[in-house]
Amino acid sequence: MERGAPHPVNELQRLQRLSELCVVESNVDEVFERVVAMTALYYDAPISLISIVDQHRQWFRARVGMDATQTPRELSFCGYAILANEPMEILDATQDERFKDNPLVTGPPYIRYYAGAPLLTDDGLALGSLCIIDGQPRAPMSARDRSILKHFAELVMQRILGLRSRSFVDQPTGLFNRLRLEEDVRHSQINHLGSQLFVVDMLSPKFLNDVVKALGYSFSQELILAIKSRLQALLPAGCVLYKVSPTRFGFIVPDDAPTEALCRHILEDFKLPVECQGIPVQMQVGLGVLPIDSAQGDQDWLRLAVSAADDARDRNVGWARYEPKFDAAQRRAFTLLSSLSEAVRTSDQLYLMFQPQVHLLTGTCQSVEALLRWDHPLLGPISPAEFIPLVEKTALMRPLSLWVLDAIIRQSVAWREVGINLRISMNVTVNDLEDPGFVDQLLKSARLQQIPPEHLEIEFTESVLMENPPQVQQQLQRVRDAGMEVAIDDFGTGYSNWSYFSQLPVTTVKLDQSLMKKLATDAKDQRLVKTLIELAQRLGYRVVAEGIESQTTLALIQQWGCTEVQGYLFARPMLASALPAWLDSRPAG
Ligand code: C2E
Ligand code: MG
Ligand code: MG
């Protein structure tokens, strides 16, 4: 004989509903506690339980007189109680074929009497039961008491639904939240309502974070409330606004609503700053629109609409309809990130290329920049310009940087053994400099391998300094104190705050390659580069011009006094094995 109660005919829907209702066992709920206490008291029963019958177990949402928090489903009496719409009563379990050998009857808590009313949803799915248990057999309860048990069970159901609707609300704004929007989108799709989903991204998360840092949490909360009111007033009558993330809102409108006009209306309005505590804050709105197509299978609708909104903001076009290519880009990013750990472990996918920096006065090369390469087993070669910005946002950056560091140290040792004495420059990100871990490893490895400190350099971009200035500065100082070189990469594209840089322990400035692109023809770029070179040299920096591809550009920067260059004109990045031959073709250093 199969153990335990048979499953209800609607078991699948029942389990589905159970998960949708998010009945969680973690926190104590005052209402449930009172219901079990009241039930135990009213029926004078030593045990009273709200039991949720899950796939393989029953667990107790609230309990009186019972130590266990759950039992296997096949032992549960409630598994039987959920088979009917009316309360089930077992007067003496030892006399009942179904229960007489049940360990809960033959052992603690020695159940003899059981009465349980199913917890029924509106459409007749039983989630579990409210039950009372006694160690003594009892006579059948009166019709009145049965009816009261049913009422108590209904009360429990009301509470379950109430908690669920509370989990649909974003507390600070009082708007429906992401869960609710997802459910409403699904509802629209299943019922072929013909609608479109809008996501409005008001601010970049980074900006909001900066607002919190600068003006405090309560200001940011108030700002969000002000945005909510403005946005709500712009929506068509009867349209519900949802809050889907700290900076994003969403809403659903019928298919035939004028999409473009609605988007323009919102964008136009938010050209004016949102006023909060007398401070005007400029929004950076991105709107994403996605038709909820009933013919489509199950999709992550919200994610797709968000990617359209992000795209609209990134491209500065205000609003965009979802296009599958956004999703393809996200999926590619996901694939890359999920396969990076393996790449770092297996070491046949990652390798370094080295690009020489040439000294113009002597024609010699004393430094090379290490540039990371990744041959993905499925996607082929991936540019660091694509994967580094992704990895930087994750905890994978540290192991990747340590891989690069290790490869550089090994290369430096190998070259020195064959008499090649080059400085190797390594690109680092903010992640590498915001705590001491990476620099600790750099200093330790260099010491262990006895690499002369001046043979190592780190390069970082200006953006690194924006994130965490004191910590970053401290780590740069440690590198410098050890006698290694420190370079600012891609210089001239950001804010280039000279007075700030002059306080940093920096030895080298690398002029960004974008400055060289139009140098031959653009008088403004010429003035800029000339000034940058002069200023950097006056401040005592070594200046390297990146991206030198033509003789004309070379002649110009040489004329302005720049003494070091890195670019395709001299050498493309090459494998370590190719470098000795290239060096041999140069004048001796
Ligand atoms: P970057 O540090 O500014 O490196 C210079 C980039 O310009 C390299 O691209 C190099 O191949 C390219 N380049 C050099 N000369 C020329 C030229 O004459 N013309 C043109 N058009 N390009 C030139 P690559 O190797 O694709 O690297 C891109 C970026 O990825 C690097 O820019 C750096 O920011 C990052 N990166 C590369 N390797 C690493 C690494 O190991 N760690 C970290 N954190 N970032 C890395
Ligand atoms: Mg670099
Ligand atoms: Mg650069």
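This is a predicted model: local features need pLDDT of at least 70, side-chain atom pairs count only at pLDDT 80 or more; totals for chains, interfaces and linings use all residues.
Local features were taken at pLDDT of at least 70 and side-chain atom pairs at pLDDT 80 or more, whereas totals for chains, interfaces and linings use all residues. Residues are numbered from 1 along each chain as its sequence is written, ligands are numbered from 1 in the order in which they are written, and side-chain values rest on heavy atoms, with hydrogens and water left out.

The magnesium ion (ligand 2) is coordinated at 2.0 to 2.2 Å by E369 (OE), N427 (OD1), E459 (OE) and D489 (OD). Donors are N, O and S atoms within 2.8 Å of the metal (3.2 Å for Na, K and Ca); water is not among the atoms, so sites may look incomplete. The donor residues follow the spacing E-x57-N-x31-E-x29-D in sequence. E369 belongs to strand β17 (residues 365–376) and E459 to strand β20 (residues 456–461), so the pair ties together parts that are 90 residues apart in sequence. Helices (H or I, at least four residues) and strands (E, at least two) are DSSP runs, numbered from the N terminus. E369 counts as buried at 3% relative accessibility, and E459 counts as buried at 1% (buried, under 20% relative accessible area; exposed, over 50%; partly exposed in between; 1.4 Å probe, protein chains only). The magnesium ion (ligand 3) is 4.0 Å from the magnesium ion (ligand 2), and D489 coordinates both.

The largest pocket holds about 920 Å³ of space. A pocket is an open set of points on a 1 Å grid over the protein atoms alone, where a 1.4 Å probe fits, with protein on both sides within 12 Å along at least five of seven lines; lining residues have an atom within 4 Å of a point. A volume is the space filled by probe spheres set on the points, which are joined across faces, edges and corners. Of the 39 lining residues, E369, L371, P384, N427 and D489 lie nearest the centre of the largest pocket.

The second largest pocket has a volume of about 660 Å³. Its lining comprises 15 residues, with D310, D314, Q330, L390 and K393 closest to the centre. Two or more lining residues come from each of α10 (301–314) and α11 (324–346), and α10 gives the largest share, six residues.

An open sheet of seven strands has the order β7-β8-β10-β11-β9-β14-β15, with mixed pairing (two strands pair if DSSP finds at least two bridges between them). β7 (169–170) and β15 (319–321) stand at the edges with a single partner strand each, so one side of each is left without a neighbour in the sheet.
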